[in-house]
Amino acid sequence: MEQRPLGRTGADVSVVGLGTWQLGGDWGDVDDDSAADVLDAALDAGVTLLDTADVYGDGRSEERIRRALVARSERPFVATKAGRRADPFEAAQYTPENLRAWIDRSRRNLGVDTLDLVQLHCPPTAVYSDQRVYDALDSFVEDGAIAAYGVSVETVAEGLTALQHPGVQTIQVILNVFRRKPLEELLPAAAKAGVGILARVPLASGLLTGKYDESTTFPADDHRNFNRHGEAFDVGETFAGVPFEVGVAAAREVAAIAGDAPTAAFALRWVIDQPGVTTVIPGARTVEQVRGNVAAADLPPLTDAQLSDLERVYDERIRAHVHDRW
């Protein structure tokens, strides 16, 4: 699989990574064996970046990654996140002491002395401009607890604020056919600064697989059920903030534009081809989903006609439903 430099970290990572929120929780039940199969399938297919967080299943995702890597001679790049163990609306909890405790917990969960990458996990907006937070992260790099740090953001403005701090190596942001604002300013600014981009929610929580219709339902413990209106966390994380019925109708048009290509792989290829993107990190709950996602790396770039048609779908179906802050 094609590998791209991840900012200034010195690491090269696959253009298709694996997001492991599904292997922790909030997407319905995934047992240990299924999680191990997903991780093995991804690594065997050439995925060299895994993205996780300390709150995915209260550490379950990190621990499952540790177990999956025990028998492997080559270790992928593992990006984790920290901060959501605090009250997500309380900036004052992002203290050096708390950050250190969260990072040390992730080191234990993943079974490593040095974390490859720690990303601030969508903290309150004020945190992105708090120099004390970056000073603490710099000190953790100096003492070897982490090799690099970045941020995960909800908005373009938060990403642009983070770029003002030279220690930031990566930005993780929602980017997909239905969420395009990062293309205008954030991705060019990140590229100029030598900062890597991890594109998350690339399939709009499954909408862009083309497999859902208006009657599709989700389990009670799946965020696509309990967070449709932002009841638990930012609504942009669920279906990329697009109302479900609107997204289903738009996804049908995307599937038609994709033609013979699988809709999910086609939508992922769109993300991969955006200038400035390092890697796209779709999640997967099954081996079949892993294989479908990885197939995007082998698709040819989209044609000008396909790109134009996708932009039309966005303008006609989606734009009015995307909040200005996104």
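Axes are lines fitted to C-alpha atoms, for helices over the stretch in contact, and the angles between their N-to-C directions run from 0 to 180 degrees. The structure discussed here is a predicted model.

**Packing of α1 and α2**

Helix α1 (residues 32-44) packs with helix α2 (residues 60-69) at an angle of about 60°, and the two axes lie 10 Å apart. Angles of 65 to 115 degrees count as roughly perpendicular and those under 35 degrees as roughly parallel; α1 and α2 are therefore oblique to each other. Their crossing is right-handed. On the α1 side, the residues that meet α2 are D32, A35, L39, D40 and L43, and their counterparts in α2 are R64, I65, R67, A68 and L69. By class, this contact comprises 6 nonpolar and 4 charged residues, with no polar ones.

K81 belongs to strand β5 (residues 77-82). Since buried means under 20% relative accessible area, K81 counts as buried because its relative accessibility is 1%. Beyond its neighbours within four places in sequence, K81 is in contact with D51, T52, A53, D54, Y56, Q119, H121, S152 and Q172.

A145 is located in the loop between α4 (131-142) and β7 (149-152). A145 is likewise buried, with a relative accessible area of 1%. Leaving aside neighbours within four places in sequence, the contacts of A145 are R100, I103, R107, D113, T114, L115 and F140.

| Pair | Separation in sequence | C-alpha to C-alpha distance |
|---|---|---|
| K81 and I103 | 22 residues | 8.6 Å |
| A145 and T161 | 16 residues | 25 Å |

**The enclosed helix α9**

Helix α9 (residues 263-272) has 10 of its 10 residues buried, so this helix is largely enclosed by the rest of the structure. The buried residues are T263, A264, A265, F266, A267, L268, R269, W270, V271 and I272. Their cover includes the strands β1 (3-5), β9 (196-200) and β10 (279-280), together with the helices α8 (244-258), α10 (287-294) and α11 (304-318).

Key
Residues are numbered from 1 along each chain as its sequence is written. This is a predicted model: local features need pLDDT of at least 70, side-chain atom pairs count only at pLDDT 80 or more; totals for chains, interfaces and linings use all residues. Side-chain values use heavy atoms; hydrogens and water are left out. Helices (H or I, at least four residues) and strands (E, at least two) are DSSP runs, numbered from the N terminus. Angles under 35 degrees count as roughly parallel, over 145 as roughly antiparallel, 65 to 115 as roughly perpendicular and the rest as oblique. A crossing is left-handed if the near helix is turned anticlockwise from the far one by less than a right angle, and right-handed if clockwise. Contact means heavy atoms within 4.5 Å. Ala, Val, Leu, Ile, Met, Phe, Trp, Tyr, Cys and Pro count as nonpolar, Asp, Glu, Lys and Arg as charged, and the others, Gly among them, as polar. Buried means under 20% relative accessible area, exposed over 50%, partly exposed in between (1.4 Å probe, protein chains only).
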